[in-house]
Amino acid sequence: MPLTKNELPLLPLYLTGNYIFYGGSTIDQKITWAKLKPDGSYTPEHIKKQGQQLKQFLSFPIVFVFDEIESWKRKRLML
């Protein structure tokens, strides 16, 4: 399910322009899934930084979703 109309305006345009957002929860924890738009190409450092910014704006964990990701980028994101 997409983020609610109350949550999306909290995000700056540079974030909403780069990702497709979905909201959800697991047991008692609200989570946002952020999928990089197909035309976006960013370094792991860039994604980490934007993840921290998203968490500050939304106040709950962010999970990034990728259709494909190169192994070296995946490793750098997990550290």
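## Hairpin of β1 and β2

In this predicted model, the hairpin of β1 and β2 has two residues between the strands, and I27 takes a positive phi near 50° there. The two strands run antiparallel and are joined by eight bridges. One of the paired positions is Y19, whose bridge partner in β2 is L36. Strand β1 covers residues 19-26 and β2 covers 29-36.

## Nonpolar core

The largest nonpolar core has 11 residues: L11, L15, Y19, F21, A34, L36, I47, L54, L58, F60 and I62. At least two residues each come from β1, β2 and α2. Helix α2 gives the largest share, three residues.

Apart from its neighbours within four places in sequence, I47 is in contact with Y19, Y42, F64, F66 and L77.

## Helix α2

Helix α2 runs over residues 44-58. Its 15 residues, at 1.5 Å a residue, should span 21 Å, and the end C-alpha atoms are 21 Å apart, so expectation and model agree. Just after the helix, S59 takes a positive phi of about 65°.

The buried residues of α2 are P44, I47, Q50, G51, Q53, L54 and L58. They pack against the helices α1 (13-16) and α3 (71-78), and against the strands β1, β2 and β3 (62-65).

## Aromatic pairs

There are two aromatic pairs. In one, Y19 and F21 are tilted, with 5.9 Å centre to centre and 45° between the planes. Both of these residues are buried. In the other, the ring centres of Y19 and F64 lie 5.7 Å apart and the planes stand at 55°; this pair is therefore tilted. Because Y19 lies in strand β1 and F64 in strand β3, the pair ties together parts that are 45 residues apart in sequence.

The ring pairs link Y19, F21 and F64 into a cluster. Y19 has a relative accessible area of 3% and is buried. F64 has a relative accessible area of 24%, so it counts as partly exposed. Both Y19 and F64 are also among the contacts of I47.

## Salt bridges

Side chains of opposite charge can pair when their charged atoms come close. Three salt bridges are present in the structure. K35 pairs with D67, with the closest N and O atoms 3.2 Å apart. This bridge links distant parts of the chain, since K35 is in strand β2 and D67 in the loop between β3 and α3, 32 residues apart. K35 is partly exposed at 24% relative accessibility, whereas D67 is exposed, with a relative accessible area of 67%.

A second bridge joins the side chains of R76 and E45, at 2.1 Å from N to O. It too links distant parts of the chain: R76 belongs to helix α3 and E45 to helix α2, 31 residues apart. Relative accessibility is 33% for R76, which is partly exposed, and 43% for E45, which is also partly exposed. The remaining bridge is between the side chains of E70 and K73, at 3.7 Å from N to O. E70 counts as partly exposed at 43% relative accessibility. K73 has a relative accessible area of 18% and is therefore buried, the cut-off for buried being under 20%.

Technical notes: Residues are numbered from 1 along each chain as its sequence is written. This is a predicted model: local features need pLDDT of at least 70, side-chain atom pairs count only at pLDDT 80 or more; totals for chains, interfaces and linings use all residues. Side-chain values use heavy atoms; hydrogens and water are left out. A nonpolar core is a set of buried Ala, Val, Leu, Ile, Met, Phe, Trp, Tyr and Cys residues joined through side-chain atoms within 4.5 Å. Buried means under 20% relative accessible area, exposed over 50%, partly exposed in between (1.4 Å probe, protein chains only). Helices (H or I, at least four residues) and strands (E, at least two) are DSSP runs, numbered from the N terminus. Contact means heavy atoms within 4.5 Å. The expected span of a helix is 1.5 Å times one less than its number of residues. Two strands pair if DSSP finds at least two bridges between them. Rings of Phe, Tyr and Trp (its six-membered ring) pair if their centres lie within 6.5 Å; planes under 30 degrees apart count as stacked, over 60 as edge-to-face and the rest as tilted. A salt bridge is a side-chain nitrogen of Lys or Arg within 4 Å of a carboxyl oxygen of Asp or Glu.
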